[in-house]
Amino acid sequence: QVQLVESGGGLVQPGGSLRLSCAASGSIFRIYGMGWYRQAPGKQRELVAAITRDGSTNYADSVKGRFTISRDNAKNTTYMHTNSLKPEDTAVYSCYGNVKLLDGSTRNYWGQGTQVTVSS
């Protein structure tokens, strides 16, 4: 019914930047909260950043001042600009959206994830 597709991951040197995108499509009436999680090998999944429909944001302490989340409600898309990347930012980044469907029901959907590798 709904698909979230991430893009923008890749290999970057320490100190570099990437812009991640997550586009939702399908039987969408409205998307409420959107955000990004990440999971590194051998570590628990952690919430990196989240944004409400009206643009309120929150960030993990480890990325504050370096990552910026935004969204375009008309395009059902969220973005995350990642700056000053560190090796410890290496992980699979997955987006989510809290989606109200055309049938009136609401549920969370996840993307398949995009790999970010920070290495020299």
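**Disulfide, sheets and core**

A disulfide (a pair of cysteine sulfur atoms within 2.5 Å) joins C22 to C95, with an S to S distance of 1.9 Å. The structure is a predicted model, in which local features need pLDDT of at least 70 and side-chain atom pairs count only at pLDDT 80 or more, while totals for chains, interfaces and linings use all residues. Residues are numbered from 1 along each chain as its sequence is written, and side-chain values use heavy atoms, with hydrogens and water left out.

The count by this rule comes to 1 disulfide. C22 lies in strand β3 and C95 in strand β9, so the bond ties together parts that are 73 residues apart in sequence. Strands here are DSSP runs (E, at least two residues), numbered from the N terminus. The torsion about the S-S bond of C22 and C95 is about 55°, so the disulfide is right-handed. C22 is buried, at 0% relative accessibility. C95 is also buried, at 0%. Buried means under 20% relative accessible area, with a 1.4 Å probe and protein chains only.

An open sheet is formed by 4 strands in the order β1-β3-β8-β7, with antiparallel pairing. Two strands pair if DSSP finds at least two bridges between them. β1 and β7 are the edge strands, each pairing on one side only. Neighbouring strands of the sheet are turned by 15° against each other on average, direction ignored. Axes for such angles are lines fitted to C-alpha atoms, and angles run from 0 to 180 degrees between N-to-C directions. Within this sheet, β3 and β8 (residues 77–82) pair in the antiparallel sense over 6 bridges. The bridge partner of C22 in β8 is T78.

Strand β11 (residues 114–118) pairs with β2 and with β9. β2 (residues 10–12) runs parallel to β11 and is joined to β11 by 3 bridges. L11 has T117 as its bridge partner there. β9 (residues 91–101) runs antiparallel to β11, also with 3 bridges. A91 stands opposite V116. In a regular strand the side chains alternate between the two faces of the sheet.

The largest nonpolar core has 29 residues. Such a core is a set of buried Ala, Val, Leu, Ile, Met, Phe, Trp, Tyr and Cys residues joined through side-chain atoms within 4.5 Å. W36, M80 and Y93 have the most contacts inside this core. Strands that each supply at least two core residues include β1 (2–7), β4 (28–39) and β11. β9 gives the most, with 5 residues.

Definitions and conventions:
Buried < 20%, exposed > 50% of the residue type's maximum accessible area, 1.4 Å probe, protein only.
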